[in-house]
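Open your viewer and have the selection tool ready.

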Amino acid sequence: MNERLFYTKKAVIFDLDGTLSDSIASLKYCGDRALAPFGYGPYPESDYKYFVGDGAANLIKRALIKSGDRDLLHFDEAFALYKEYFAADCMYQVKPYDGIPELLKTLKDKGIRIAVLSNKPHVQTLEVIHTLFGEDCFDVIQGQKEGVPIKPDPAGVFAILKELGLTAAELLYLGDTATDMKTGKGAGAFTVGALWGFRDRKELEEAGADAMIAHPLELLEYL
């Protein structure tokens, strides 16, 4: 591994679901209710860990396909219900992972900029971050917005770098899925896989993670 990548980072971009926040219960809670009118579900959290990661629309599409609706005949109705439920209950049983608050405090104390890039709708991204960590914790928060490509497109990373006035070489990207690794690598950032999240080591390795960590505070070794 290229040692010059270490000890030069001025910012960390975090994924949200499965990286900063343990939110699988909220995703299941809203998803199961959106599927129920069509006779589908409920599904276990282990399934929702693979439904999520590429935006709310893809979550519903994957759940419908698993239910047998391969032509997505119920997509418009189910997606509308999901958005309604999620707008009301995106904080259902959501909590930060152990070690995350301590990591964020340490990064801020070191003067390292911190940002969030999520495929969760922007309004709910703000709600989760502000509820769990306060309104002044992160330098930049960016969720899914109309007209902005979702991850793994690196456009969101470039937008955050522009706002921070930094380059990809100064950035570390932390996430828990292949989508996150592709996003960070597509932007030219050093990527770290979070093994406490929704996906496993194999997926992160195959997606080309530059490093993997089992606990949030291990991230400090790469800064």
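Start by selecting L72, which is partly exposed, with a relative accessible area of 25% (buried means under 20%, exposed over 50% and partly exposed in between, using a 1.4 Å probe and protein chains only). L72 sits in the loop between α3 (56-67) and α4; helices here are DSSP runs of H or I with at least four residues, strands are E runs of at least two, and both are numbered from the N terminus. Check the backbone: L72 is not a glycine, yet its phi is positive, about 55 degrees.

A word on what you are viewing: this is a predicted model, in which local features need pLDDT of at least 70 and side-chain atom pairs count only at pLDDT 80 or more, while totals for chains, interfaces and linings use all residues. Residues are numbered from 1 along each chain as its sequence is written, and side-chain values use heavy atoms, with hydrogens and water left out.

Next, go to Q93, in the loop between α4 (75-89) and β3 (95-96). Q93 also has a positive phi of about 55 degrees without being a glycine. Most residues other than glycine have a negative phi, and most peptide bonds are trans. Is Q93 buried or exposed? Q93 is exposed, at 51% relative accessible area. Show its surroundings: beyond neighbours within four places in sequence, Q93 is in contact with D22 and A25 (contact means heavy atoms within 4.5 Å).

Now for two prolines. Select G41 and P42: the peptide bond between them is cis, with omega near -5 degrees. P42 lies in the loop between α1 (24-35) and α2 (45-51). Then jump to K151 and P152, also joined by a cis peptide bond, with omega about 20 degrees. P152 belongs to the loop between β5 (140-144) and α7 (155-164).

Finally, zoom out and colour by pLDDT, the predictor's confidence in each residue, from 0 to 100. The chain averages 94, and 97% of its residues reach 70 or more. Residues 1-5 stay under 50. Where pLDDT is low, the predicted coordinates should not be read in detail. The chain has nine helices and eight strands, and its C-alpha trace spans about 55 × 35 × 35 Å along the principal axes.
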